[in-house]
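The sequence and structure come next, followed by notes grouped by topic.

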Amino acid sequence: MFLPTTREEMNRLGWDRLDVILVTGDAYIDSPFIGVAVIGKVLLDAGYRVGIIAQPETETGDDIARLGEPLLFWGVTGGSIDSMVANRTAAGKRRRTDDYTPGGINNRRPDRAVLVYANLIRSRWKKTCPIVLGGIEASLRRIAHYDFWSDRVRRSILFDAKADYLLYGMADRSVLELAGALAAGADPRIVRGLCYASREMPGRAVELPPFEAAAGDRTAFTEMFHLFYRNTDPVTAGILAQKQDDRYLVQNPSPLLLSTAELDHVHDLDYERSAHPHYLRQGEIRALETIRFSIATHRGCYGECNFCAISVHQGRTVRWRSRESILREAERIVAHPEFKGTIHDVGGPTANMYAIECSRKERKGSCASRRCLYPKVCPKMGVDHGAQIELLRDLRRIKGVRKVVVASGIRYDMILADRTNGVNYLRELIRHHVSGQMKVAPEHSEKKVLTLMGKPGSETLLAFRELFQRLNEREGRRQYLTYYMIAAHPGCTREDMVRLRRFCSDSLRLLPRQVQVFTPTPSTYSTLMYWTGRDPFSGEPCFVEQSVAGREEQKQVLTRHGGGTKKEAAGTFPRKKRSVRPRGHRGER
Ligand code: SF4
């Protein structure tokens, strides 16, 4: 069932009042890929009456009032993407399109949606029940953070929104604990994964540099971020406290990770896999097509790329579903009247981390001084793709499934590190699960830039490319690799982009089309580098291209026909004419 979005829908369920109202910046898509739908269904499953107000208009406040006032709390999220990222390009221009809005036109999500919605509720009901922030926008802005769009360090979004609580990370466990505490009239401030404001600093808390210091001093900001990052593992995290004005922002330790059985239960709940008819009538919602017949197999990522916030939001420990639960979901997909035979994706933040995790980490937490995949794959990870091969085979055997695609990103360094099943897994992908092209994300070629990104060196990419081509030839296929690159990452100069172009031309024999200008999103190490102009691990200064023109120019160096200047182009490329399409891989471009 869809959660009610109007009074009439509440009446049909026989509900005169709701316990919880969720407000979101996306159209209401009832899918296990949409956080607000998952939270709603988890609460519903526990017996709470939950309604959703999606993309409310913000002028009159009529939309926000249409379900009345909840008994327990308001849950507010900006949607599946931080509203500033959703609304603005890396150059600061307003985006025209929005994949989570009917018709695809970006006209329904306000900038800083979490603040706008919380203020909308507060202006309508001065003394309402608690307002609880959640979702990616709130999660990554939970402590003092650098905000690219205003070019300054901002306070916790909890303080700016005048909300009562904030649930960070994957909140399906903590939201139940919070609802239980509020329903029982108990103090919810012991709930893991919760942030709140306090006049006092809690006893055992680790104190972060105060907001004033972090905002005004880049060394203090760096110290704050290191402390924050080290306290994101649920096994080892302590309580954090940061003084902001005359109060403390208190962050309780991360929520405990769900067990396989609990994760299975969340995914086995009744999702419509569609947008609510009210939104569907208004036009096509592009995101729905991507997620409708896809399956999430796991959560978390131990890749720890420095520009990515997943480790701060979902965590560095991968938790996965049982094969049985995934197969049950595939059977439900097959039974869907609009299913045409293709499962569009089977994966997670990184596709090939399913069922691979370090047992030491599960017992003792992430290592403080090492990373799991960088600079090399840690042997303790025990990488073996065997379980994934079995899962994919089982999915292919389901009657009604014609094709199973693995569209989520692949860590090719893990494939190379798997001496038992790495080649078997890649062969399986090439034979059955790649639709002409496989996406990989080397992001750059230059060692110093890759080091700042926390990504493996280009020799690993070339080794993988060679293996990919060899297997393709053996299989008689013409699949190709698509490379994702980043321009203007901290540490990257224009000359580095010229060298990247030369690497692509000489070694990859193509110029990538998927080139993104680095956007400093909140709470990543790369954003810390952007703001401080330093490598936070060595303390050394690093070049940062901050001008809009310079950042765009870096991208152009790689994408522009003929490369940078004429002189550079002449010096960069061999004079003899060379095809960008190697034999046997004509599509690789
Ligand atoms: S031992 Fe290796 S794989 Fe395990 S948590 Fe530490 S770095 Fe990661």
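**Surroundings of R108**

Setting aside neighbours within four places in sequence, R108 is in contact with Q55, T101, Y117 and Q282. The model is a predicted one, and the values below are computed from it. R108 is found in the loop between α3 (83-87) and α4. Further notes on this residue are as follows.

- R108 counts as partly exposed because its relative accessible area is 27%, where buried means under 20% and exposed over 50%.
- The side chain of R108 reaches the backbone oxygen of Q55 at 3.2 Å.
- A polar contact of 3.2 Å also links the side chain of R108 to the side chain of Q282.
- R108 and P70 are 38 residues apart along the chain, and their C-alpha atoms are separated by 24 Å.

**Overall fold**

- The secondary structure of the chain amounts to 24 helices and 22 strands.
- A compact globule of 589 residues would have a radius of gyration near 25 Å, and the chain, at 24 Å, therefore agrees with that expectation.
- The C-alpha trace spans about 75 × 60 × 45 Å along the principal axes of the chain.
- Of the 589 residues in the chain, 59% are buried.
- Among contacts between residues at least 6 apart in sequence, 76% join residues at least 24 apart.

**Nonpolar cores**

- In soluble globular proteins, nonpolar side chains tend to be buried together.
- The largest nonpolar core of this model comprises 115 residues, and those with the most contacts inside it are L133, L395, L426, M438 and F464.
- Helix α4 (residues 113-124) gives the most to this core, contributing seven residues.
- Apart from this core lies another, of 40 residues, which includes V36, A54, L194 and I285.
- Not counting residues up to four places away in sequence, M438 touches L426, L429, F464, F468, Y480, L481 and T482.

- H276 is located in the loop between β13 (274-275) and α11 (277-280).
- H276 counts as buried because its relative accessibility is 4%, which falls under the 20% cut-off.
- The side chains of H276 and T5 are joined by a polar contact of 3.4 Å.
- With neighbours within four places in sequence left aside, H276 is in contact with F2, L3, T5, E9 and Y28.
- D496 belongs to helix α21 (residues 494-508).
- D496 is likewise buried, since its relative accessible area is 1%.
- Leaving out residues up to four places away in sequence, D496 touches H444, E446, K448, V449 and G491.

**Ligand shell**

- Which residues are around the ligand? They are C358, R360, K361, C367, R370, R371, C372, C378, K380 and M381.

Methods. Residues numbered from 1 in each chain as written. Predicted model: local features only at pLDDT ≥ 70, side-chain atom pairs only at ≥ 80, totals over all residues. Heavy atoms only, no water. Near = heavy atom within 4 Å. Core = buried A, V, L, I, M, F, W, Y, C linked by side-chain atoms within 4.5 Å. Buried < 20%, exposed > 50% of the residue type's maximum accessible area, 1.4 Å probe, protein only. Helix = DSSP H or I, 4+ residues; strand = E, 2+ residues; numbered from the N terminus. Contact = heavy atoms within 4.5 Å. Polar contact = N/O pair within 3.5 Å; in protein donor to acceptor, adjacent residues only side chain to side chain. Rg over C-alpha atoms; globule rule 2.2 N^0.38 Å.
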